[in-house]
Amino acid sequence: MSRMYDDSPIAAISTAEGKGAIGIVRISGKDLSLIMLNLFGRILNNRHVYYLPFKNKNNYIIDKGIVFFCKSPESYTGEDVLELQGHGGNIVIHEILSMCLDAGAENKIRLANPGEFTKRAFLNGRIDLAQAEAISDLIDAVSIEAAKSAMLSLSGEPSKRIHEITEELIKTRVIIEANIDFPEEDIIFIQKKQILESLEQIKKNLLLFIETTKKGIIIKNGINVVIAGEPNVGKSSILNALSEEEIAIVTPIAGTTRDKISNKITINGILINIIDTAGIRESNDQIEKIGIRKSLEEISKADLILHIKDISNQNNNDNLIKFPSNTPVLEIFNKIDLVNKIANNDNILFVSATEKIGIDSIKNKILEIVGLDKLEETRWIARERHLFSLNQSLEHLKTSLDYLSEQELRIDLIAEELRLSHKELCYITGHFTTENMLDNIFSNFCIGK
């Protein structure tokens with residue numbers, strides 16, 4: 001760590017602000033014996049529940065409630081943990097917190113920083129960094145699948161996969177680095193085929209892990225779906241049909257939508273951020289031109305584009321719409337109620353937003369295109385930093401394979417690339433971290449967690 005961590009006892013309100021049936025104050029520290037004596041006049045038994053009065057320093061009873069003590073190292077934080085559960089009024093719970101701070105003054109108790117209870121759980125080896133992040137993701141989950149995936153991450157499943165990959169890396173590094181220490185044995189030449197096979201398998205496992213991680217990021221953040229097309233093709237009607245409510249104004253006048261309109265829906269438990277954009281066409285209207293520019297900006301950030309066309313209009317002109325080459329586009333012909341109905345195929349959907357025909361097909365296709373139509377039990381939630389480290393690890397691994405294929409083997413360079421690949425994986429679980437990195441991660445947690 002870059003600086004000494006302050007391990008004084010900490011206290012915080014662990015329930016949300018506002019009125020509630022119950023309010024909880026949590027305390028964590030290496031030894032809470034003196035604090036318990038000051039609060040209750042006795043040392044509480046480990047893993048026992050008590051109903052006790054909460055008295056302030058003037059011996060006035062603030063409230064009565066439940067007290068639970070859990071002794072280190074088997075608590076959430078790995079330290080002694082004391083929880084006081086009182087009535088959930090704002091005044092009452094803050095008075096209980098003040099009472100705890102007074103009782104721990106001799107121990108230099110202080111208010112907890114955001115995420116500090118979970119940070120201590122990480123520092124004390126109760127959870128790794130990926131699991132710590134999963135706790136925050138579980139609290140912040142915006143869909144059922146995000147909550148389920150966060151729980152899977154909290155169980156340690158992705159950390160287990162990383163550990164399996166790093167174990168294989170370590171075995172290969174041992175062979176290679178032994179040749180650096182004992183070059184006369186020519187170990188690397190004897191076992192080159194074994195090393196190559198091992199690294200290729202690690203590369204394969206990393207690629208699979210990266211694909212799962214990409215989907216985990218989508219589950220966490222939702223799918224950004226942009227509805228694009230010319231004016232008056234029914235984009236706003238598509239938004240309303242997908243949302244199952246009147247989000248956007250719909251008129252027969254082309255160019256009604258001047259600014260983006262967004263809504264959040266869930267499809268099979270997956271969050272979908274739908275963005276309706278202004279119709280794209282040549283225009284001299286300054287306001288409409290601004291709307292068109294914003295449409296193009298949203299298109300550039302999309303995970304998926306729904307390209308809407310009017311099947312009843314034979315003069316579709318999409319020359320102005322340039323979609324990013326790396327973004328999937330779903331072609332949708334709207335207004336089939338005005339013509340003979342046409343069957344859908346794998347690449348094009350034919351729908352009627354006003355008659356609600358084919359809307360379920362759009363929803364199913366959205367999940368299919370991003371690979372979330374068949375949710376697996378082994379899909380965990382993930383973050384951008386995880387994907388960055390995985391990609392960095394893969395690049396170092398590829399470089400080591402390039403060195404291994406050269407006629408003149410540079411063992412020291414191969415060993416260094418594998419060390420860096422290993423280190424990137426350890427950033428995910430927190431085996432290699434800096435204090436600044438930890439501060440950044442845990443600062444996004446709520447206080448009391």
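Thr 166 counts as buried because its relative accessibility is 6%; buried means under 20% relative accessible area, exposed over 50%, and partly exposed in between, with a 1.4 Å probe and protein chains only. This residue is found in helix 6 (residues 157-181). Helices (H or I, at least four residues) and strands (E, at least two) are DSSP runs numbered from the N terminus. Leaving aside neighbours within four places in sequence, Thr 166 is in contact with His 422 and Leu 425, where contact means heavy atoms within 4.5 Å.

The model is predicted: local features need pLDDT of at least 70, side-chain atom pairs count only at pLDDT 80 or more, and totals for chains, interfaces and linings use all residues. Residues are numbered from 1 along each chain as its sequence is written, and side-chain values use heavy atoms, with hydrogens and water left out.

- Six strands make up an open sheet with mixed pairing, in the order 8-9-7-10-11-12; two strands pair if DSSP finds at least two bridges between them.
- Strand 8 (261-267) and strand 12 (348-350) are the edge strands, each pairing on one side only.
- From one strand to the next, the twist averages 25°; axes are lines fitted to C-alpha atoms, for helices over the stretch in contact, and angles run from 0 to 180 degrees between N-to-C directions.
- Strand 7 (residues 223-229) pairs with strand 9 (residues 270-276) in the parallel sense over five bridges, and Val 226 has Ile 275 of strand 9 as its bridge partner.

**Helices against this sheet**

- Helix 11 (residues 359-369) lies across strand 7, strand 8, strand 9, strand 10 (304-310), strand 11 (329-334) and strand 12, and runs at about 145° to strand 10.
- The buried residues of helix 11 include Ile 359, Ile 362 and Ile 366, and just after this helix Gly 371 takes a positive phi of about 80°.
- Helix 9 (residues 235-243) is mostly covered, with nine of its nine residues buried.
- Among the buried residues of helix 9 are Lys 235, Ile 238 and Leu 242.
- These buried residues of helix 9 pack against helix 11 as well as strand 7, strand 8, strand 9, strand 10 and strand 11.

- Another open sheet of six strands has mixed pairing and the order 3-4-5-2-1-6.
- Its edge strands, each pairing on one side only, are strand 3 (48-55) and strand 6 (110-111).
- Eight bridges join strand 2 (residues 22-29) to strand 5 (residues 80-87) in the antiparallel sense, and Val 25 has Leu 84 of strand 5 as its bridge partner.
- Helix 1 (residues 33-40) packs on this sheet, where it touches strand 2, strand 3, strand 4 (61-70) and strand 5, and its direction makes about 25° with that of strand 5.

**Pocket and cavity**

- On a 1 Å grid over the protein atoms alone, a cavity is a set of points where a 1.4 Å probe fits but cannot get out, and a pocket is an open set with protein on both sides within 12 Å along at least five of seven lines; lining residues have an atom within 4 Å of a point.
- The largest pocket has a volume of about 360 Å³; grid points are joined across faces, edges and corners, and a volume is the space filled by probe spheres set on the points.
- The largest pocket is lined by 15 residues, and those closest to its centre are Lys 214, Lys 215, Ile 217, Ile 218 and Asp 303.
- Helix 8 provides the largest share of the pocket lining, six residues.
- One cavity of 30 Å³ or more is found in a search of the whole structure, and the largest cavity holds about 100 Å³ of space.
- Of the 14 residues lining the largest cavity, Ala 130, Pro 158, Trp 380, Ile 381 and His 386 lie nearest its centre.
- Helix 4 gives the largest share of the cavity lining, four residues.

**Backbone features**

- Most residues other than glycine have a negative phi, and most peptide bonds are trans.
- The peptide bond from Ser 72 to Pro 73 is cis, with omega near 5°, and Pro 73 is found in the loop between strand 4 and strand 5.
- Lys 335, which is not a glycine, has a positive phi of about 70° and is found in the loop between strand 11 and strand 12.
- Lys 356 lies in the loop between strand 12 and helix 11 and counts as exposed because its relative accessibility is 53%.
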